[in-house]
Structure formats: structure tokens, C-alpha cells
Amino acid sequence: MKILAIESSCDETAAAVIENGTIILSNVVVSQVDIFAVYGGVIPEVAARSHLEAILPVIHKALDDARLTVDDVDCVAVTHTPGLLGSLLIGTLTARMLAILWKKPLYAVHHLKSHIYANWLGDGEVPQFPLLALVVSGGHTQIIYMRDHNQFEIIGSTRDDAVGECFDKVAKILGLPYPGGPAISKKALQGDAKKCKLPHPKIDGLDFSFSGLKTAVLRAVQQECGLPITTPSYELAGHLSEQQKADFAAAFQETVSDILLEKLEMALAEYPEVRSIVLAGGVSANQVLSRKALERFRSEGLKVYFPDLQFAGDNAAMVGAAAYFEILKGVEPTDPYKLNIAPRTPIQ
Ligand SMILES: Nc1ncnc2c1ncn2[C@@H]1O[C@H](COP(=O)(O)OP(=O)(O)OP(=O)(O)O)[C@@H](O)[C@H]1O
Ligand SMILES: [Mg+2]
């Protein structure tokens, strides 16, 4: 089965053709990251306009790269939630139009399912059920228990900031560019994580909290610079040497990874039947996090999976994978005249 998949939930316009959920026939991503690097974050209206310009050429390229025509495609899949409303609107309206014009079934896919299913792409070994998925992205931080394909139970969530958002905000404090995750990782290579001790939030159960950690970095930087706590965050970077920035980046990255993995370990104690650990979302590209996850859980006899780097952030290949496994489980297509978008709908 060949699925033309479309993704536009934030600031990447993407289309891909995926065969049988794992084979990547094409994968096209046009990122707006250069536009938003200038502003230090996404401006929703600008993102929506950029999607509008890019979406049809991106879809054409996905079909051309796969050497396919519309007739070869079995169905269309598109992200419908969660995300920025204007961005989602462009992808879903395009997918609806194509499904109607081409008379193809349309599948509406949850963005976080797609992040998880990025782990099924390619010809490598695939995760075994039951599994625990750690979804770490720009807008979400969740631990999800999956007994089987397309069965999702959220067992832990952030109570405030998402971990990717926290990377982006800490990068701003340190004067590093947007997006903050890759910038912090790069800077941390020259840093010594032991130079600064950051706290672990005290949250009961499997939930997370990252807003306190962000403030802890702010206070530590203010203290390091000998400045009062009233000093605005945007004035701090100019007082830090490159080495100090690298040390803070390394300490933050280590602390975040440890917090995430401690909670995963707790989840594992509650779900001892779990056979695989799956990392998903943009922050799964973080190599300290993935290395620590491998070290920690392999010794417990578990398989640890994280997506290929090109599929960690937003892309449409993962949408095609998620749609395929929904279809296998008997999920019905969506009426293209009735497809709704929503900024935030929990995975279910
Ligand atoms: N190497 C890295 N280390 C840490 N964080 C990273 C890395 N690479 C990317 N990120 C972070 O990943 C986030 C983007 O991930 P993603 O594209 O999955 O999020 P999103 O689509 O904006 O949000 P969501 O998926 O929750 O809707 C950004 O916050 C970015 O800083
Ligand atoms: Mg995403």
C-alpha cells in the first residue's frame, strides 16, 4: 500500500510517499527554520503563509522523487492535530482537496503518533510490544504505554513546559541560536557538565516539570555573572565567556537527560512487561539522551529505539508510517468534507 503523507503542523512543510508503513519511496521537507531563526521562534501567521507557498511544490516533488503518479497512490494521510491552527489548516485543506479530486481515502493522523511511528521507518529492526514511548518534542513531553499498534495510554506528561521548549528557552538565555536543541548539543561538546549542578524537579508519579529547571539555569547564570536576579535574561549572554556557555549547555543537557530517564525507569517499574523503549520527537535527536538511554536500558535486557536523525523532527514519512498501522488496525478513513483540525487533542 502506497500512502501520500502530508505534514504541516508547525514550521516544516513536508510530503512523503511511504509503502507498507516502512519503505520510504520519497521524503521531502521544506523547513522554515531560517525564517524563524531571525525572530528566535515561530510566528504562526508567517508559518501558515510559508506552508501555503510550499505545499503544492513539495507534494509534486514527493511524487516525482518516488517516480509515481497520482494513480499509483492508494490513499492520502495528513496531520490534523495537535499543532498551530493556521499551519494545520494548510496541510489538511490540501489533503482534503486531493482526496476529493483524486477519489482516494483520506486518513487524519495525530502528530504524536507519527513521531512514535518514525521508529518503524526504514529496513531496520522494529520495536516490539508492549513498549514505552518517551515523546520529547517542541510542544510535548509524555510517556506513553503501547500494548499494541495504535493503542496509546498516556501515563506521564509535563505539567508546564515541554522539554524541546525548555531547550529553546535555555539556548536564548545562553545567547545560542534558534532552534535551541541542536545549538545546545553543539555547544555542549566543548563544555564540562560538572561545572554547574542543576536541580531535578520534585514531581510525584510519572509527570514532568521543566519550568523550574529553566529558571534554575537563569539563576545560575545570573549568579555566575555576579548580577542581580532582576537582570533580564536577554542581557546575560553578553556577560558569559564561550567556555561558560558551553559548561551551562553541557550541564543542562545532562540534567534534562537524567530527569527524562529517571521517569522512564519509574514507568518501567510499573510496567515490567515492557519489551522496548522508544524515543520520539525532535529532542530524540539529542545524542546524550539516546546514549544514556541505551546504556541504562540495554543492561536491563530491553531494546532501545530512536528514529534516524532525518525522522526525529517533523516530516511526512512518519505520518505515512502512522497512517499505515492505523489502517492495518481497521481505522476507517475520514470524510474529507468533515475533517476537523484542533490545536491540542490528546493521543488516543
Ligand atoms: N539535538 C537536539 N537536542 C535537543 N533538542 C533538540 C535537538 N534537535 C532538535 N531539538 C528540539 O526539538 C524540538 C522540535 O521538535 P519537533 O519538531 O518534534 O517539535 P514540534 O513539532 O515543534 O512540536 P510537537 O511535535 O510537540 O508538536 C525543538 O524544541 C528543538 O530545539
Ligand atoms: Mg513535531
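View 1. A backbone N or O atom of Gly-138 lies 2.9 Å from an oxygen atom of ligand 1. A polar side-chain atom of His-115 is 3.1 Å from an oxygen atom of ligand 1. Ser-185 has a side-chain N or O atom 3.4 Å from a nitrogen atom of ligand 1. Polar contacts here are pairs of N or O atoms within 3.5 Å. Taken alone, ligand 1 exposes 640 Å², and the protein buries 87% of that. Areas come from the Shrake-Rupley method with a 1.4 Å probe.

This is a predicted model: local features need pLDDT of at least 70, side-chain atom pairs count only at pLDDT 80 or more, and totals for chains, interfaces and linings use all residues. Residues are numbered from 1 along each chain as its sequence is written, chains are lettered from A and ligands numbered from 1 in the order written, and side-chain values use heavy atoms, without hydrogens and water.

**View 2. The shell around ligand 1.** In this shell, 22 residues surround the ligand (a heavy atom within 4 Å). The closest are Ser-137, Gly-139, His-140, Asp-168 and Asp-314. By class, six are nonpolar, 14 polar and two charged; Gly counts as polar, and Asp, Glu, Lys and Arg as charged. H6 gives the largest share, four residues.

**View 3. An open sheet of five strands, S3-S2-S1-S4-S5.** Its pairing is mixed. Strands are DSSP runs of at least two residues (E), helices of at least four (H or I), numbered from the N terminus. Two strands pair if DSSP finds at least two bridges between them. S3 (23-31) and S5 (106-110) are the edge strands. S4 (75-81) and S5 pair in the parallel sense over five bridges. Thr-81 has His-110 as its bridge partner in S5. Helix H3 (85-102) lies across S1, S4 and S5, at about 155° to S4. Contact means heavy atoms within 4.5 Å. Angles run from 0 to 180 degrees between N-to-C directions, with axes fitted to C-alpha atoms, for helices over the stretch in contact.

**View 4. A second open sheet of five strands, S8-S7-S6-S9-S10.** This sheet also has mixed pairing. Its edge strands are S8 (153-157) and S10 (303-305). Three bridges join S9 (276-280) to S10, and the two run parallel. Ser-276 has Lys-303 as its bridge partner in S10. Helix H8 (242-270) lies across S6, S7, S8 and S9, at about 155° to S6.

Technical notes:
Polar contact = N/O pair within 3.5 Å; in protein donor to acceptor, adjacent residues only side chain to side chain.
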